[in-house]
Amino acid sequence: MPELANPLTLSGYTNTFYAAILEQATDGVIIIDDQNRIVFFNAAAEHLWGCSASAVLGNNVDLLIPLGHRQHHNDYIEHHRKTGIHRLVNTSREVTFVRSNGDYVAAELSLSTALIGKDNKRYYMAFIKGVTEEVHRRKLLELQSEVFAALADYTTIHDVADMLCSKVEELVPNSIATLLHITPQGGLSILSGKSLPSSKINKLDNLVLSASDIQTLRTNPHHACALIWTPKQGQSQLNDLHDCWASAICNGAGELIGIFALFSRNKEKITDWPQKIVTGCIPSCASIIEHEKTLYKINNFNNIDSLTGLLNRTALSTRLRQMLAQTGQAPFAILMLDVDLLQDVNNVMGYNSGDILLQTIARRIAAFCRGQNLVARLGGDDFVVVMPDADRNKACKLAHDLNCISREPIEVKGRDLVASLSIGISLYPDDGTEIEEILGASEIAMRQTKKQARGGFRFFGKGGNSNMRERLIIGSALREALQKMQLHLVYQPQICALTGTLCGVEALSRWQHPTLGFIPPSTFIPIAEETGQIEAIGLWSLDKSCQQVIEWEQNNVYVPIVSVNMSAVHFCSMDLPDQILSVLQKYNLAPHRLTIEITESVAMRQDPETAANLTAIRNIGVGLSMDDFGTGFSSLSRLAQLPLTEIKIDRSFIENFENNISSLVVAEAAINIGKRLGIKVVTEGVEHEAQETKLQQLGCDILQGYFYSKPLPAKDMPLWLDTFPARRAISPLA
């Protein structure tokens with residue numbers, strides 16, 4: 001080997017001043033000449049690489065470079081020599097290299113260059129500071145923070161596990177990291193390990209830990225390596241994996257939940273440094289697996305009925321959707337079960353007893369249907385059983401058997417209770433091909449069973465249940481109509497019998513559906529009452545009507561009073577007076593210009609809530625009208641106690657009262673009752689002049705009907721008044 005020129009002696013100094021300083025430096029110092037040969041290698045560098053200066057001096061510097069970068073290192077230096085451009089020179093950066101014993105070392109590298117000697121040869125000098133422990137500690141802390149941030153950001157568990165493994169593979173070059181979850185059965189589930197050879201994946205998938213293995217791993221986490229890796233395995237996987245470091249993962253309660261492993265592709269044996277990296281990652285791995293278990297529990301919570309442990313409505317819909325998505329889905333039956341006795345038990349013995357009853361029945365149903373049928377609880381006392389590959393005969397047999405097991409006595413707080421089930425049955429695809437349609441059909445059949453034959457069962461019948469199906473469709477469409485504002489109001493004029501002028505209008509709801517066409521109030525109002533949507537319709541009508549009165553007035557159309565219908569549901573809420581007052585204030589409408597119409601059944605109710613609401617509404621100054629007076633069973637003594645401002649005689653009493661003396665007597669009596677009570681009387685259904693004349697003679701105050709006008713859209717009210725100017729009311733402010 002030719003003698004190497006030491007650049008430190010080419011500077012003109014004959015002593016070893018600079019060499020002595022650099023030799024004693026605490027950081028490693030390496031100098032290479034113009035041939036990339038190592039010409040200086042101090043003691044600190046010897047310590048970092050674990051080899052003597054004599055072993056490296058005169059050799060190409062690439063022997064100190066990690067294998068992954070060694071091939072191109074000379075090209076990088078040559079490029080800089082020719083161009084003077086290099087991204088590493090005169091910078092400081094972190095690097096990783098391999099010691100002679102196989103350990104990886106993290107260090108900070110500062111690289112500089114200079115032209116030295118009479119030939120101006122370019123030398124490079126590197127200062128290397130070993131920072132392995134500090135760097136790894138910092139990077140592990142950063143990694144843990146990234147894991148927690150990713151978990152909090154609702155990133156998928158597999159993505160978080162992949163991110164952790166990728167970061168670890170950067171810390172230990174030429175390695176493959178994998179995170180394994182231990183299942184309740186002792187098997188291994190790979191959360192991350194996409195770079196693992198398929199042969200290794202198969203071995204891990206087929207590995208099942210014994211009780212002894214699990215106990216050993218809890219006390220000796222490093223025993224994980226012996227379970228998932230043996231030298232024999234390494235020999236059979238030439239050019240793949242040659243070493244392994246692993247650790248068991250336990251949660252805070254000491255339960256074994258997983259294994260984190262790092263496999264090496266390096267043929268050279270490495271010491272235990274990667275094991276420190278694996279051990280340092282265990283807290284992050286535990287967080288990932290525990291988060292996965294938490295999400296699993298939450299998912300179960302979202303799909304399991306908390307009282308009975310059965311599937312809930314959401315999970316049932318998901319399962320049914322999966323069934324319907326299958327090509328060539330075989331027919332199946334849906335049985336909806338209602339517990340007949342539950343409400344009585346709740347009322348007499350308390351809700352805890354009702355819960356015991358439901359839990360017992362749920363266990364019986366689940367036990368009887370185990371392994372063949374899908375069982376769910378929809379809520380309340382309603383259960384569903386889905387019977388695959390079923391026809392009417394099989395469904396009949398199942399319904400009969402379910403009722404038999406439900407009738408066995410159930411002991412609740414020392415009492416033997418005998419329950420029964422009312423069951424409705426629908427069949428796929430005969431009764432529908434959509435989930436809600438099939439479930440709705442079984443519910444309709446169940447309701448019919450409760451009314452006609454408690455403790456029995458009924459099939460959904462398209463003929464006998466056509467009205468029910470129509471109500472189901474309209475109820476669903478009505479919900480959408482409220483959301484999309486498809487309802488509108490029309491206004492029927494009310495005429496003063498004495499002057500013939502407009503004294504008010506009644507607001508009436510109308511519904512024109514885009515596909516079903518016009519749906520009359522007599523159809524959708526009862527359905528709205530049954531489905532609980534009538535409250536929203538009433539409050540919408542109240543707001544819209546008050547707004548319309550103000551808009552008319554702003555266009556020189558004076559409507560003295562608007563009457564709005566309110567259902568019995570509204571009077572169950574103590575918020576009703578405040579809601580009415582809020583709307584009046586919103587549009588700055590005087591209270592006396594609003595009348596609330598109530599049915600006779602509401603007026604006759606004697607519960608405290610209704611009485612308080614009626615009184616509060618009158619105290620605001622809003623009028624109260626009893627609609628359809630005479631069609632029910634009004635008590636005159638009760639009528640005298642109500643704070644009414646008017647009563648409305650039903651149209652049925654004047655349809656033919658010119659020729660029917662009985663109708664005439666009733667109408668006359670109703671008018672006299674109103675006069676005696678000091679309240680106004682309105683008669684509906686006036687359709688011709690003879691009726692008007694007779695009602696005027698009887699002393700009726702207000703007349704309403706097609707003789708004057710059909711219900712009008714708001715925009716047509718000015719035109720109607722222009723057509724009949726004598727009807728126009730004069731505003732007191734005019």
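Tutor: Two strands pair if DSSP finds at least two bridges between them. Strands (E, at least two residues) and helices (H or I, at least four) are DSSP runs numbered from the N terminus. This model is predicted, so local features need pLDDT of at least 70 and side-chain atom pairs 80 or more, while totals for chains, interfaces and linings use all residues. Residues count from 1 along each chain as its sequence is written, and side-chain values use heavy atoms, without hydrogens or water.

Student: Which residue in E12 stands opposite Arg-377?

Tutor: Start with the strands. E11 and E12 (residues 382-388) run antiparallel, joined by five bridges. Opposite Arg-377 stands Phe-383.

Student: Which strands stand at the edges of the open sheet?

Tutor: Five strands form this sheet, with mixed pairing, in the order E11-E12-E10-E15-E16. An edge strand has a single partner, so one of its sides has no neighbour in the sheet. Here that applies to E11 (374-379) and E16 (457-459).

Student: What angle does the direction of H12 make with that of E11?

Tutor: Helix H12 (residues 313-325) packs on the sheet, touching E10, E11, E12 and E15 (contact is heavy atoms within 4.5 Å). Angles run from 0 to 180 degrees between N-to-C directions, with axes fitted to C-alpha atoms, for helices over the stretch in contact. For H12 and E11 the angle is about 135 degrees.

Student: How many residues of strand E8 are buried?

Tutor: Buried means under 20% relative accessible area, exposed over 50%, partly exposed in between (1.4 Å probe, protein chains only). E8 spans residues 243-250 and is mostly covered. Of its eight residues, the buried ones number seven.

Student: In E9, which residue is the bridge partner of Ala-248?

Tutor: E8 and E9 (residues 256-264) run antiparallel, with eight bridges. Their hairpin has five residues between the strands, and Gly-254 has a positive phi there, near 85 degrees. The partner of Ala-248 is Ile-259.

Student: What arc do the buried residues of H13 cover?

Tutor: These residues are Leu-342, Val-345, Asn-346 and Met-349. The arc uses directions from the helix axis to the C-beta atoms. They lie on the same side of H13, because their arc is only 105 degrees.

Student: Which exposed residues does the other face of H13 carry?

Tutor: What covers the buried residues includes E10, H14, E13 and E14. The face turned away from that buried side carries Asn-347 and Val-348.

Student: How far apart are the axes of H14 and H15?

Tutor: Among the contact residues are Phe-368 of H14 and Leu-402 of H15. The helices pack at an angle of about 140 degrees. Their axes are apart by 10 Å.
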